[in-house]
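The following exercises concern one protein structure. Each sets a task and then works through the solution step by step.

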Amino acid sequence: MATLARSARWMFRKLSVHQQHVLASVQCGSLHTCYRSLARDVQTYKTEQQLQSKAAEHFDEIARLRETNKLSFEIAVDMYVAKESVYRRGHVEFLYSALGRMKDFKVVNDLATYKKLLEIFPPEKMIPKSSWQVELMHYPRQQQCAIDLMEQMEDNGVIPDHEFGSILKKIFGPDAHAFRKYRRMMYWLPKFKNANPYPVPKELPEDPCLLAALALKRMAIDKENVIDMWKTIEVETEPLEDTFVVSAQSPAQQQHISEHPRDIPLFVEGGYKVWLRGQSLTYFILRADPALGRVVKEEKVEEDLFGWQAYDSEERDDLMPAWSMHQQEDGTVMAMCITGSASKDSLVTWVRYLQRRNPVLEHIPVVFKLRTPDAELQPVPGMRTDLAQS
């Protein structure tokens with residue numbers, strides 16, 4: 001680098017005085033051009049922010065006057081189209097603002113609403129006329145806005161249809177980058193749609209009891225699993241808390257409870273988080289400690305065919321019964337539940353209900369080991385001070 005710098009200084013000294021003045025003026029002109037370009041970019045950014053804030057105020061006004069639903073969102077879009085029916089000023093900023101407010105108006109999963117937003121683009125004015133315009137992304141801000149719209153559709157599991165593609169083709173043409181994005185979505189998203197062997201319904205039930213039953217049904221791996229739902233006031237005359245309880249237990253788990261020693265306690269652990277689309281629920285488990293004396297046999301990666309012996313020593317775990325699906329290395333799961341309040345009082349009611357179907361449970365001590373679902377994310381108070389002192 002030092003050699004290159006010395007060579008550059010030597011070449012500059014060899015130039016004539018006139019050539020040095022010309023080079024200096026070119027450098028000053030380039031700096032002036034960069035300054036003007038930067039000022040123009042700053043002004044453009046300020047204008048975009050003003051247009052976007054104006055569009056956000058438009059949606060805020062609609063939300064104050066009407067209920068936030070699909071009809072109100074469509075009215076806001078129709079009002080903008082009626083106002084800018086000719087030139088569509090600020091349509092990119094309006095679209096970005098609309099994409100950010102779709103969740104508030106509960107239309108983030110609606111395909112018809114995305115089609116309506118796509119129709120805001122002026123048709124047949126941004127179609128590239130040559131291959132150079134195609135590759136250089138003709139009207140880049142508009143195409144990027146359309147790509148961001150389709151990205152939001154993809155994030156929310158909305159698959160476009162052929163009508164969506166015809167609208168996009170009328171706006172940007174069949175060779176634009178935005179239309180390429182649409183073709184990739186049409187190829188991959190239908191394949192991914194049915195890839196999950198345990199699909200979650202698109203419309204989740206509003207009843208919390210049915211939602212809890214759906215979550216437990218997905219978590220329970222036993223096909224003979226039985227799900228019970230009840231209110232605490234239906235089970236006890238004077239319940240500790242008025243809420244609902246959804247319990248999941250199979251006959252195999254009942255057999256494990258009946259075979260459990262009376263002097264070894266069971267544990268109620270939780271709460272743990274389970275997600276169904278955008279909704280989270282807190283569940284609890286009734287667990288026993290791992291079975292003592294059981295040795296996990298390591299699988300042999302390669303079998304030695306040359307070191308074979310006629311009389312191999314018989315390992316102890318070969319004669320043990322096979323583990324059931326409920327017996328894991330960290331313990332045996334006896335039951336699962338989801339309650340409306342996720343409190344200890346509701347779990348006490350759940351254990352009392354299990355005692356009806358499992359009479360042995362009345363003679364087994366039950367220990368509650370409860371924690372908050374977000375306990376791992378809570379900061380330890382005073383930890384920074386302790387570290388600083390140490």
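A residue is called buried at under 20% relative accessible area, exposed at over 50% and partly exposed in between, using a 1.4 Å probe and protein chains only. This is a predicted model, in which local features need pLDDT of at least 70 and side-chain atom pairs count only at pLDDT 80 or more, while totals for chains, interfaces and linings use all residues. Residues are numbered from 1 along each chain as its sequence is written, and side-chain values use heavy atoms, with hydrogens and water left out.

**Exercise 1.** Determine which residue forms a salt bridge with Glu-135, and classify both partners by accessibility.

*Solution.* 
Step 1. A salt bridge requires a side-chain nitrogen of Lys or Arg within 4 Å of a carboxyl oxygen of Asp or Glu. The partner of Glu-135 is Arg-180, with the closest N and O atoms 3.0 Å apart.
Step 2. Helices (H or I, at least four residues) and strands (E, at least two) are DSSP runs, numbered from the N terminus. Glu-135 belongs to helix H6 (residues 131-135) and Arg-180 to helix H9, so the pair links distant parts of the chain, 45 residues apart.
Step 3. Glu-135 has 51% relative accessibility and therefore counts as exposed. Arg-180, at 24%, counts as partly exposed.

**Exercise 2.** Identify the helix that gives the most to the lining of the largest pocket.

*Solution.* 
Step 1. Helix H7 (140-155) and helix H9 (177-193) each supply at least two lining residues.
Step 2. H9 gives the most, with four residues.

**Exercise 3.** Find how many residues of helix H4 are buried.

*Solution.* 
Step 1. Helix H4 spans residues 91-101.
Step 2. Nine of its 11 residues are buried, and the helix is thus mostly covered. Among them are His-91, Phe-94, Leu-95 and Arg-101.
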